[in-house]
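Please look over the sequence and the model shown here, beginning with the surroundings of the ligand and then turning to one of the helices.

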Amino acid sequence: MKTKEAVARRCSCRAYKPYQISEKELNIVLQCGNAAPVGMGKFETLKFTVIQNRELLDKIDAEGSKFFGDPNVHPLYGAPTLILVSGKADDVELSMCNASCVVENMAITATDIGLGSCYIRGNIKAITYNKELCEAMKVPEGFVPCAGIILGYPVKEPEERELTMDKIQVEYVR
Ligand SMILES: Cc1cc2nc3c(=O)[nH]c(=O)nc-3n(C[C@H](O)[C@H](O)[C@H](O)COP(=O)(O)O)c2cc1C
């Protein structure tokens, strides 16, 4: 798949088949996350945690449901894999920027290899101050959970969307 096609096909997937992705697919996504631009090249200010344990995923999801005040809301959408991106707490703003770059690289890669994905912030915010969950998710001391990406096989194959110029306002100063 060409880059532009993967960008056009990438969309937030919120319904997953109940099968785990392969180790090979996971590793490709992790490699492309590692290839993302990171401020000042300080890759050591980030950490990934691959969460594929159903019990832990359900606990994270349940915290999200509580946060959103609705037990019927499942903010991880039943996805079998969550990659948590944590970043150094001494510059949260930069960590958030870095995490976003990483997640987007992962999301486009996921599309390229036929996986569904979705950027997860709400549920990550919900668990940021939950010490027990942060420990279970192996968030190191001095780091904060910044962003997540869920991965799995999509229930519905994404269609290639038309690339347009009208979603984000643009002004030219020439
Ligand atoms: C910073 C950020 C946070 C997001 N957080 C969530 C989230 O917590 N849950 C969710 O379902 N989608 C989340 N999204 C996905 C957006 O809702 C989605 O990208 C947007 O509506 C555009 O749709 P598309 O991804 O299908 O193109 C997030 C996206 C970004 C960039």
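A residue is near a molecule if one of its heavy atoms lies within 4 Å of it. By that criterion, the ligand is surrounded by Arg 10, Cys 11, Ser 12, Arg 14, Tyr 77, Cys 118, Tyr 119, Ile 120, Arg 121, Gly 122 and Arg 161. This is a predicted model, in which local features need pLDDT of at least 70 and side-chain atom pairs count only at pLDDT 80 or more, while totals for chains, interfaces and linings use all residues. Residues are numbered from 1 along each chain as its sequence is written, and side-chain values use heavy atoms, with hydrogens and water left out.

Among the polar contacts (pairs of N or O atoms within 3.5 Å), an N or O atom in the side chain of Tyr 77 lies 2.5 Å from an oxygen atom of the ligand, and a polar side-chain atom of Arg 10 is 2.9 Å from a ligand oxygen atom. A polar backbone atom of Tyr 119 is 3.4 Å from a nitrogen atom of the ligand.

Helix α2 (residues 23-34; helices are DSSP runs of H or I with at least four residues) has buried residues, under 20% relative accessible area with a 1.4 Å probe and protein chains only, at Glu 25, Leu 26, Val 29, Leu 30 and Gly 33. They cover an arc of only 135° around the axis, taken from the directions from the helix axis to the C-beta atoms, which puts them on the same side of α2. The face turned away from that buried side carries Glu 23, Lys 24 and Gln 31, which are exposed, meaning over 50%.

Note on methods. Polar contact = N/O pair within 3.5 Å; in protein donor to acceptor, adjacent residues only side chain to side chain. Helix = DSSP H or I, 4+ residues; strand = E, 2+ residues; numbered from the N terminus.
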